[in-house]
Amino acid sequence: MEPEHGSDAVDQFLRSQIDTVPHLEALLLLWNSRPKLWSVEEMAKVLFIAHEATQEILDDLARQNLIVAAACGGSEAYHYKPELARDQLISSVDSTYRRELIRVSRLIHSKPSAAIREFARAFRFKREEEE
């Protein structure tokens, strides 16, 4: 079955929601293993990045409501947050990343820095409030 979302929707999602390749890989790990809970330590080992960086990535994804933090044995664990319309898009993102790894990676790396995007988001929200 062919995914419903085309490359334009996938590219827009990547531009607007994904800051780095590790963000995308963390999201797709959670997506592909749902409903499994992942600790920061488990995710850091699989992504081959530091615990602190992994924590920031998971917190970023949770702030965007893409994943959910849950208490698990005295610490936080994370899982994908199901949402029917978005699930179809994430499925398309997953298959696109598998087929077009280099193109998707270049798209993510070509984006302005996270600080610049955050500044632009703050300006956009302020402007929307004024209208």
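**View A. E83, a partly exposed residue, and its salt bridge to R86.** E83 has a relative accessible area of 39% and is partly exposed, whereas R86, with a relative accessible area of 11%, is buried; here buried means under 20% relative accessible area, exposed over 50%, and partly exposed in between, for a 1.4 Å probe and protein chains only. The closest N and O atoms of R86 and E83 are 3.7 Å apart, a salt bridge being a side-chain nitrogen of Lys or Arg within 4 Å of a carboxyl oxygen of Asp or Glu. This is a predicted model, in which local features need pLDDT of at least 70 and side-chain atom pairs count only at pLDDT 80 or more, while totals for chains, interfaces and linings use all residues. Residues are numbered from 1 along each chain as its sequence is written, and side-chain values use heavy atoms, with hydrogens and water left out.

**View B. The salt bridge between R103 and D11.** A search of the whole structure finds 7 salt bridges, and in the one shown here the closest N and O atoms of R103 and D11 are 3.0 Å apart. Because R103 lies in helix α6 (residues 101-109) and D11 in helix α1 (residues 7-17), the pair ties together parts that are 92 residues apart in sequence; helices (H or I, at least four residues) and strands (E, at least two) are DSSP runs, numbered from the N terminus. D11 counts as buried at 10% relative accessibility, whereas R103, at 31%, counts as partly exposed. Both residues belong to a network of salt bridges that links D11, R99, E100 and R103.

View C. W31 is buried, with a relative accessible area of 7%, and Y80 is buried at 2%.

**View D. K36 with W38 and E42.** K36 lies over the face of W38, at 4.0 Å from the ring centre, and its side chain also meets that of E42 in a salt bridge (3.6 Å, N to O). K36 counts as partly exposed at 34% relative accessibility, and E42 likewise counts as partly exposed at 34%.

**View E. The buried and exposed residues of helix α4.** T54, I57, L58, D60 and L61 are buried in α4, and they cover an arc of only 155° around the axis, which puts them on the same side of α4; the arc is that of the directions from the helix axis to the C-beta atoms. On the other side of α4, E52, E56 and R63 are exposed. The buried residues pack against α2, α3 (40-47), β2 (67-72) and β3, contact meaning heavy atoms within 4.5 Å. Just after α4, N65 takes a positive phi of about 60°.

Note on methods. Lys NZ or Arg CZ within 6 Å of the ring centre and 35° of its normal.
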